[in-house]
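Hi there,

Here is the structure we talked about. Please have a look, and my notes on it follow below.

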Amino acid sequence: MEDTYLHKGLRKKLVDEINKKGINDQRVLDAINQVPRHLFMDSSFIHFAYKDQAFPIAANQTISQPFTVAFQTQLLNIQKSDKVLEVGTGSGYQAAVLIAMGANVYTIERFKVLKMKAQNLLPKLGYHPHFFYGDGYEGLPTYAPFDKIIITAAAAEVPKKLMEQLKVHGRMVLPLGNNTSQTMTLIERSSEHDYNKTEHGLFVFVPMLKGKV
Ligand code: SAH
């Protein structure tokens with residue numbers, strides 16, 4: 001579990017690359033620069049860790065592309081000590097980036113094996129989200145409401161229960177669409193009953209599935 005000067009150098013290059021692609025929030029760039037992405041991937045993929053690409057993890061899932069992680073994080077506009085719900089723990093990389101920005105993260109994963117893997121890794125690296133094994137469509141009613149909600153899998157529609165678990169003036173970011181491509185969508189809750197929706201370009205995610213396995 002090493003983070004060498006070589007890794008740090010490659011990471012700095014990646015940060016410059018995603019900055020050129022349009023990520024300009026310095027706090028997001030600093031977080032990407034800080035989190036050792038190579039440690040979230042299986043060893044055979046370590047040489048690809050600092051390419052701006054998604055890569056396979058266990059259970060046929062993927063660690064999102066760094067630009068995508070940065071883009072969703074930038075849209076969330078994270079403030080220190082924000083209470084954030086993440087749907088789709090996956091490798092735990094996105095959760096670590098949010099924590100690096102000062103967020104208090106609650107993350108749900110429907111694959112037990114992925115949840116266990118992330119729960120084993122992140123504390124070793126100094127990141128301490130609250131881990132949950134379950135179905136993200138249900139959210140976490142016991143811990144709601146949340147300042148921010150991020151869904152890291154493709155949803156066909158906005159999960160209703162998650163809208164209810166968002167604070168007034170809170171933000172939810174999710175890829176909305178079918179299995180081939182999705183529109184990055186920002187939902188801002190402007191009052192108890194009002195939500196504003198804006199669209200932010202096309203992305204491709206693994207699907208958000210119901211139930212847990
Ligand atoms: N945030 C992750 C990206 C993982 S890919 C990272 O940084 O690595 C999306 C993840 O969402 C997968 O692990 C998938 O199993 C999970 N997922 C899909 N549907 C879900 C649901 N209904 N509830 C919780 N997790 C879900």
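**Pockets and a helix pair**

The second largest pocket holds about 250 Å³ of space. (A pocket is an open set of points on a 1 Å grid over the protein atoms alone, where a 1.4 Å probe fits, with protein on both sides within 12 Å along at least five of seven lines; lining residues have an atom within 4 Å of a point. Volume is the space filled by probe spheres set on the points, which are joined across faces, edges and corners.) It is lined by 15 residues, with Leu39, Phe40, Met41, Lys117 and Leu121 closest to its centre.

This is a predicted model: local features need pLDDT of at least 70 and side-chain atom pairs pLDDT 80 or more, while totals for chains, interfaces and linings use all residues. Residues are numbered from 1 along each chain as its sequence is written, and side-chain values use heavy atoms, without hydrogens and water.

The largest pocket has about 510 Å³ of space. Among its 35 lining residues, Gln61, Gly88, Thr152, Ala153 and Val206 lie nearest the centre.

Now the helices (DSSP runs of H or I, at least four residues, numbered from the N terminus). The axes of α1 (residues 5-20) and α2 (residues 26-34) come within 9 Å and cross at roughly 150°; axes are lines fitted to C-alpha atoms over the stretch in contact, with angles from 0 to 180 degrees between N-to-C directions. The two are therefore roughly antiparallel (over 145 degrees). In contact (heavy atoms within 4.5 Å) are residues including Leu14 and Ile18 of α1 and Leu29 and Ile32 of α2.

Best wishes

Key:
Parallel < 35°, antiparallel > 145°, perpendicular 65-115°, else oblique.
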